[in-house]
Amino acid sequence: MKGKIAIPLVIVAVIAIGAAAYRGSTSEHISEQGPEQEISLNGAGATFPFPLIDKWAAEYNKIKPKIFVNYQGIGSGGGIRQHTEKTVYFAGTDAPLTPAQAENAPNTLHIPITIGGVVPIYNLPGIPKGLRFTGEILADIYLGRITKWNDARLTAINPGVNLPDQSIVVVRRSDGSGTTFIWTSFLSNVSQEWKNNVGRGTSVNWPTGLGGKGNDGVTALVQQTPYSIGYVEFTFAKKNNLPCGYVRNAAGEFVEPTIESFAKAAEYAAVILPRGDASWADVSIVDSLANNTRARGAYPITSFSYLLVYKELNVLPNMNENIAGALVNFLWWAVHDGQNYAENLYYVPLPPSVVRHNEETLRMITFNGRQLLK
Amino acid sequence: MQNPPRAFSFFHNLKAKIVALPRMRLKGDDVFKLVCALFASSIFLILGLMVYELVRGSWLSIRTFGLNFIVGTKWDPAISRVFGALPLILGTLVTSAIALVIGVPISLGIALALSEYMPKKFGFGVSFLVELLAAVPSVIYGLWGIFVLIPFLRNHVYPHLQSAFGFLPIFSGPIYGGGVLTGGIVLAIMIIPTVSAVMRDLFSSVPNSQREAMIALGATKWETSKTVVSYARSGVVGAIILGLGRAVGETMAITMVIGNKFQVWPSSLFDAWYTMSAIIANELLEATYDLYVSALIHVGLVLLFISLVINILARLIVWRTLRLTRGIARE
């Protein structure tokens, strides 16, 4: 009996120790390789830019076969946490760092990499896209003040549309998300009651509505529930062919959400972008458009998505000059050539003014005090 | 490749040394006993670490809100930053109760059919399919809930329920499709495999002498089945509690169909609600400040506590019934 049990135990132990020794020897082998070594650039954060960054990773690997970009879509909050704990080389977030967050991660650079729009979608049998909304009306719908589709305020701005005498089923996100942050920022700007009672945030204390999980969840709920209204990232509305509402901007126009109207919005905001290493806490396209009566053609619920990197890369553990150089080169490529992949995936390419701004920011990145881009 | 032989010789020497001690010879049995004991005691370590981590993570929230967290009815991460979990606790318990009300009779029926009524070959096929249900990932149940069950219930079931029982408040109000009842139904489907499989095993293990005695007394099949269930009733309670445990902790499927509306009490069975595990899954990733994260971990701590209480209650019931049946047997 004893031999039957003892021998397998010994064998298992031998295999385990042997495997550990073997692993140890291979990892030494890799680190002894020269400058031609493979480099993994690890990032994590917002899910919104994930498809774009994933595309970048694949395309960049074709140009630089030794460079592997790994980006995990774990959410903006998780991205900021990992950036603060210095466990990733770059992080993605839909909202800039708050002053408190910036204090925990000093010398962080903000790099806007793409632009997204949040659009109202609805399920009204027989009514195509183009139903008009104002921010005030959207806020009152989401506050539960406007409960019928044929409310006088909706019919007044939608002449000729036969709005049904049906209750509005409000759909919103149940999970915390950057989409909700942008949406509630917009509602806070246009409605004092929203600002005081609900506020802006990745998740808020919703006065009403059904919660769907993720953009997919909201899309599915709206598609299946007649007389519902929801909000999603533009890409989801487009991919699923959902009717989008037109939203009135401060200039008084009802603007169709399109890649062009998002880009317009970003251009107006880009005039006042802070330096890459300054505080970006107040940067918000939504806010900058809130009272900009001259921003013609700009869709008001638009936002940047950012990558965060440290200005001095030697604060990261395991960082060396090779990796630092590869990281900066990849970021440079992403804000230039990488933008060509945006439109096919329904992302908004950065306007030239923002690209120039990013160039300045990227030139600030150093390793051990030496500038990486000349 | 020097290490493996060295390791081998180390074990070899160790064994030689052990063999050399004639009195304290370590037998294979003892080694096995030791290893098993280590594995068994690791459960204390795991549970202890879990509680420690949960308490540590939720400490900020415990200090800030204290007991108000349990009885609080407000969840406002954006403005006042006040967190209270009562609606979540109620939502979890009520949806789980609905799941039991729907799922337990069905499971009982399946188990009895398999152990008492069906021919063995057919029964094997059925139990195989039921167990397959248990292997379906919960997110699949959620997707199926969204795309198949919800439209079906909204269009073909709930309107009839409402027109028949609409005078009752629990069947009144607007019908969205998703909601408390839909959540309960999905949970019921998810607990049926577990509960019915345990019950079937229990009923199969009832000694045939019980059945033979009943038949000898002229009992019908139905009366015999009742005896079988009552013979195994402590185990049946255990099976139900197992199902409750699964329902309480279920996350993905429920969050996809319940509507995730934070409110103390829904206006009807068709209204949306929220559960503890669902809010953790929904909000933890984007929880942007410490108190928020801490409050979500606090919800996890409460959930763990409730699961423990449910299980302890179940044990007490099982012990009680066992004592009673033994008493009857003695008489």
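Two residues are in contact here if their C-beta atoms, placed from the backbone, lie within 7 Å.

Val180(B) belongs to helix α7 of chain B, which covers residues 180–204. Leaving aside residues up to four places away in sequence, Val180(B) touches Val94(B), Thr95(B), Ile258(B), Pro266(B), Leu269(B), Asp271(B) and Trp273(B). Is Val180(B) buried or exposed? A residue is buried if 20 or more other C-beta atoms lie within 10 Å of its own. Val180(B) has 25 such neighbours inside 10 Å, and therefore counts as buried. Glu212(B) gives a contrasting case: it stands 32 residues from Val180(B) in sequence, and the two C-alpha atoms are 45 Å apart in space.

Chain A can be read through its sheets. Strands of a sheet pair through backbone hydrogen bonds, either parallel or antiparallel. Eight strands of chain A make up an open sheet with mixed pairing, in the order β2-β1-β3-β11-β4-β8-β6-β7. Its edges are β2 (67–73) and β7 (210–212) of chain A; each has a single partner strand, so one side of each lacks a neighbour in the sheet. From one strand to the next, the twist averages 25°.

Within this order, β3 (residues 90–93) and β11 (residues 302–310) of chain A are antiparallel and pair over three bridges. Ala91(A) is placed opposite Leu308(A) of β11(A).

Another open sheet in chain A has three strands, ordered β5-β9-β10, and its pairing is mixed. Here β5 (132–133) and β10 (254–255) of chain A are the edge strands; because each has a single partner strand, one side of each is left without a neighbour in the sheet. The strands β5(A) and β9(A), the latter covering residues 246–248, run parallel and are joined by two bridges. Phe133(A) stands opposite Val247(A) in β9(A).

How confident is the prediction for chain A? Its mean pLDDT is 86, and 90% of its residues reach 70 or more. Over residues 21–34 of chain A, however, the pLDDT is below 50, and this stretch has three contacts in the model beyond near neighbours in sequence.

Key. Residues numbered from 1 in each chain as written. Chains lettered and ligands numbered in written order. Predicted model: local features only at pLDDT ≥ 70, side-chain atom pairs only at ≥ 80, totals over all residues. pLDDT = per-residue confidence, 0-100. Pairing = 2+ DSSP bridges. Helix = DSSP H or I, 4+ residues; strand = E, 2+ residues; numbered from the N terminus. Axes fitted to C-alpha atoms, helices over the stretch in contact; angles between N-to-C directions. Buried ≥ 20, exposed ≤ 12 C-beta atoms within 10 Å, placed from the backbone.
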